[in-house]
Amino acid sequence: MTASLLDGIEIDDSPAGALYPGWTAIDRQPVIGQFEVVVFQDAASRRQACWWVQEGLYKGSHVLALPPTVQNDLLTAMDPLFWPLAEGVLGGDIRDDARTFRTDLPETAFRELAGSWLGRHAPHAVFIAAGHADSGEALTCPDGKPVAEGRMKALLSAKRSGGTLIVSSPFSALPVRAQIEMKLGSSATAYRFHDEAENAVFYLVWDESAPDRRPSFYYPKGPLLISDSPAGPLFPGWILEWYARHSDHADAIRSARPFLPEDFGVGQASSLRAPKTTQDEPAVSPPASVAAAQHEQSAGAPLDTKPEALQEAPEPVKAPQRSFLPELPLDPAPVLQSPPKKGLFGRLKTLLGRHDR
């Protein structure tokens, strides 16, 4: 089988021969034009790798390792497939000219193509470790869209419960329902969300190799990626590859039901951890005069409504606002003045004076 898959391929002007121990050629597919791809697999680790072949000549073992002119020819030939998806459904509305899809390409090869093409044509996403969200700080996406305090931390606390995933949008804080679930092979699972109030599409991606790890956040229009997963930087390319493989995604998104009040069922609270809007401060006790008046009213005694009594009522105390910075007192604390220090001769003089007495 290996020999037949490598037939006609030359490396350095010689026919392709022996492979590294344990590696076997498992697939060979035409890509586009004169380009082909051969997929190999290691028997022990199940890892896969590719050979990229042009007109029967081996050109490289990864799209990024191809000579510049060869890489340009290959990725440019993929424009009709990727452009309508990248400029449309990936981060916004579905484009009518997205009609080209591929289900014949091996996953490993297709992911290399999608990731390399996206890295070439799209602005590089700003990558932030998910630990940044632990502080609860506000942030501004590269495109200028703001995310208020606490919202990203709440979003990355979302848990999957087996039903439809509902989360609080980091942009509007409104509840949004996942439009589609995207199985990115066995590696990860992504969920597409559309915040209609802010006209923003974003994704949550769970790394299936560590399903208990918090999800990654991807906002294509940012472009912004927040992730703790070692595979996090690859997720945008994997999502683009999924769209290029699934021609039915447009109908699935168009028919997706938006969030409705009845979606607030049992089990949704873990997905909607919205930032607190009230402060957990202890209640402020009313002054003694006000408390006495309240006691008399509850006992049936008429409450004094004279203008003088109303003027004596204190203003309501506003709950203090919490901040990541320490609060400063309203009035500066009094500065205690220490008595002037006496020098050595002054202290001796004082002691001698005591003895003279």
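The residues that line the largest pocket of this predicted model divide into 19 nonpolar, 13 polar and five charged. The largest pocket itself has a volume of about 1000 Å³, and of the 37 residues in its lining, those closest to the centre are G115, P233, L234, P236 and G237. Three helices, namely helix 3 (79-86), helix 4 (107-121) and helix 6 (235-245), each contribute at least two residues to this lining, and helix 4 gives the most, with ten residues.

The structure also holds a cavity, and a search of the whole structure finds one cavity of 30 Å³ or more. The largest cavity contains about 40 Å³ of space, and its lining is made up of H132, A133, G136, E137, L139, A148, G150, R151, M152 and K153. Helix 5, which covers residues 151-155, gives the most to that lining, with three residues, while the lining as a whole divides into four nonpolar, three polar and three charged residues.

Turning to the nonpolar cores, the largest one has 44 residues, of which W52, F82, L113, I239 and Y243 touch the most other members. Helix 6 gives the most to this core, with seven residues. There is also a second, separate core of 24 residues, which includes V147, V167, V176 and A178.

Aromatic rings are a further theme, and the count comes to 14 aromatic pairs. Are the two partners buried or exposed? W51 counts as buried because its relative accessible area is 14%, which is a value under the 20% cut-off. Y58, by contrast, has a relative accessibility of 27% and therefore counts as partly exposed, since that class lies between the limits of 20% and 50%. Elsewhere, F171, F193, F202, F217 and Y219 form one aromatic cluster.

| Charged residue | Ring | Distance from ring centre |
|---|---|---|
| R111 | W238 | 3.8 Å |
| K145 | F171 | 5.8 Å |

In the case of R111, the charged end of the side chain sits over the ring of W238, whereas K145 lies over the face of F171, a residue that also belongs to the aromatic cluster with F193, F202, F217 and Y219.

Methods: Residues are numbered from 1 along each chain as its sequence is written. This is a predicted model: local features need pLDDT of at least 70, side-chain atom pairs count only at pLDDT 80 or more; totals for chains, interfaces and linings use all residues. Side-chain values use heavy atoms; hydrogens and water are left out. On a 1 Å grid over the protein atoms alone, a cavity is a set of points where a 1.4 Å probe fits but cannot get out, and a pocket is an open set with protein on both sides within 12 Å along at least five of seven lines; lining residues have an atom within 4 Å of a point. Grid points are joined across faces, edges and corners, and a volume is the space filled by probe spheres set on the points. Helices (H or I, at least four residues) and strands (E, at least two) are DSSP runs, numbered from the N terminus. Ala, Val, Leu, Ile, Met, Phe, Trp, Tyr, Cys and Pro count as nonpolar, Asp, Glu, Lys and Arg as charged, and the others, Gly among them, as polar. A nonpolar core is a set of buried Ala, Val, Leu, Ile, Met, Phe, Trp, Tyr and Cys residues joined through side-chain atoms within 4.5 Å. Buried means under 20% relative accessible area, exposed over 50%, partly exposed in between (1.4 Å probe, protein chains only). Rings of Phe, Tyr and Trp (its six-membered ring) pair if their centres lie within 6.5 Å; planes under 30 degrees apart count as stacked, over 60 as edge-to-face and the rest as tilted. A charge sits over a ring if NZ of Lys or CZ of Arg is within 6 Å of the ring centre and within 35 degrees of the ring normal.
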